[in-house]
Amino acid sequence: MRKLLFLIFLSCIVCQTYAQELPADSGVFLLHKFQQNIGKETYKVYNYRDQKKYVVDFKFVDRGSPVPLKATIKVNPVGDPIELRIKGNTSRFSTVNDSIAIKGNSAIVQVNGSSQTKTIAPNTFPIAGYSPATVQQLLLQYWNKQRQPANITTLPFGALQIRKDGTDNLSFNSKQLTFNRYLISGLIWGNELVWTDANGKLICILTIDAEGDKTEMMRQEYESLLPEFINRAAGYGMAAFAKAASPQKAISGIIAIKGGNIIDVENGRSVPSDILLLRNGVIASMGKGTAIPKGATVIDATGKTIMPGLWDMHAHFEQTEWGPAYLAAGVTTVRDCGNELGFIDAIRNAIDAGKGIGPKILMAGIIDGKGPMSLGIIQADTKEEAVKAVDTYKAKGFDQIKIYSSIKPAILKVICDEAHKQGFTVTGHIPNGMTLKGGVDSGMNMVNHIQYVYSLMKRNKDRSINFDDSVSKGNIKFIKDHKTVIDPTIGVYDLALRDVKGDITKMEPAFYTLPLPLQTQFANTGEDSATHAMLMPMLNSMKVLVKKLYDDGVPVVAGTDMGFPGFSVARELELYVEGGLTPAQALKTATLIPAQVMGLEQKTGSISTGKNADILIIDGNPLNNISAVRNVKVVIKGGKVYNPYVLHKMVGFSK
């Protein structure tokens, strides 16, 4: 009998122990990039006497690359944080390995193996970025429990702000549901939009990942509501931005720029200026004898350089903050090379209507094929789907079609034929299994990324290009003969292949003026020293390849594929000069040539009478030193004058 009682007693203890290890709650968030479901995050909650433990498994597959992350977060019974452990990937190119243990008013913080003890203040929460969603759910619950403080100090570093932004009533399963909407700033660059239910359970996060790409995290049972959240977000984002932008009072009307030297990008020379008169957003007159009308705003450019606004021919306008960041860096026109249709359409329309601040946006509508490496939700595997996709972009007023990597060769030709019929040119990636020659023969007019040209070249053992080989020469001739426009995006490779232990300010002098989330993102981007050294011959060859193309008459246009917001255009031009272009030639790739290939050279791209008043005033002469394009003092876009310092402060830059 005693033995039986003992066994029963032991069994109860074992059952109790196992009960603690059974999850008391669980949930699933579906993960999306550009609205396409590419993975999921699951969490399980374990209740203990003195704490709750959340175990998180987060993973998505981005264009064939797994991005896995695991996290454990512990909170006490009232939601105060005790511990966070997080390790894995935050994008295809960045990682995280953080551990934070909080006890009383101190925390032991470990980041990538480096440990320190920090004294912490009230209202402190451990969080390592946009992912996982579970940690953000606990963050919001903590903020509410703390009576919604103005600031939350975050560990391992930084701070964020949360603001209740309103409520949204949405129809779901024939019922009207009310969701609370929040803005979180400081966690990523700019604002996240977040929705919860009435009980504080996280429903949706619209954010950007550590690669800077649009990312959506949606509680699984509410997945059907995601398109509506995205549609509403564009309007809310622009409204919030317009409110934040209200202190920026742009000068407009008649503007006279007095003195300075004008860069003639067509002929690559600097000429003295007397008066440059801008009226109704265009250049009305210029040169000696130009009278300054009464009431005109006069800008003194004496000792400075006047040049046309820069272009970024490979933008991804992921959030409203890109608008002021671009303008502050002197970029007045961008070609968006793939986005969520509803979002970029709303952003473009708001800027054009004067309800937002940003560059002129030309839109290239992205079409991909179906498959494990596809991107976005506009996909075509049949002739009918291809025609429908092109028609969709035509109806929305897009400027171009962009091909992505999973398009089938036969469908590529259908898309190109339909696009040309509709008056579009076609740019983009060369689809998997094809070469640049195949893409161009199928009808592509332009190609994004120098890698597709590099892959045609004869290469040496160290991955550098043998430019003297007949294969290399013949392929450059093919590109020239077909008048194929090349958008190199050298800066992408420069950043992705950099030595992570190197001085990043040599690549981006303004690095420490960037918002802290951007500094963190870029500091973790790159390769180890050995890999960097091994791949440098390839990168250097790519720079020289840009010169070879340019010298042979191939239209080269400067594009960045994001990178350091706004500043990456300057970096792109610096890399072209490192490859052998003169500063004047490099400058042309970001001004006149883009205007020409987009059929807009009569309206923009250089400073001459009748063209749009998209103008920069800078310190220094970029024809002597291309890096002078970084010294932007005045930005004029569409005849409105902006202060770069004010624009940068508006979106979180320190200056």
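This report describes the cavities of a predicted model.

## Finding the empty space

How can empty space be found at all? Rolling a probe the size of a water molecule over the atoms shows where such space is left. In this structure, two cavities reach 30 Å³ or more.

## The largest cavity

The largest cavity has a volume of about 320 Å³. Its lining is made of 23 residues. Closest to the centre are N191, L193, L206, Q319 and F343.

The largest share comes from α3, which gives six residues. What kinds of residue line the largest cavity? The lining divides into eleven nonpolar, six polar and six charged residues.

## The second largest cavity

Now turn to the second largest cavity. About 50 Å³ of space lies in it. The residues that line it are L310, A329, G566, F567, V569, A570, V629 and R630.

Which helix gives the most to this lining? That is α14 (residues 567-578), with three residues. By class, the lining of the second largest cavity has six nonpolar residues, one polar and one charged.

## Recap

Two cavities of 30 Å³ or more are present. For the largest cavity, the helix to find is α3, with six lining residues. For the second largest cavity, look for α14, with three.

How values were computed
Residues are numbered from 1 along each chain as its sequence is written. This is a predicted model: local features need pLDDT of at least 70, side-chain atom pairs count only at pLDDT 80 or more; totals for chains, interfaces and linings use all residues. Side-chain values use heavy atoms; hydrogens and water are left out. On a 1 Å grid over the protein atoms alone, a cavity is a set of points where a 1.4 Å probe fits but cannot get out, and a pocket is an open set with protein on both sides within 12 Å along at least five of seven lines; lining residues have an atom within 4 Å of a point. Grid points are joined across faces, edges and corners, and a volume is the space filled by probe spheres set on the points. Helices (H or I, at least four residues) and strands (E, at least two) are DSSP runs, numbered from the N terminus. Ala, Val, Leu, Ile, Met, Phe, Trp, Tyr, Cys and Pro count as nonpolar, Asp, Glu, Lys and Arg as charged, and the others, Gly among them, as polar.
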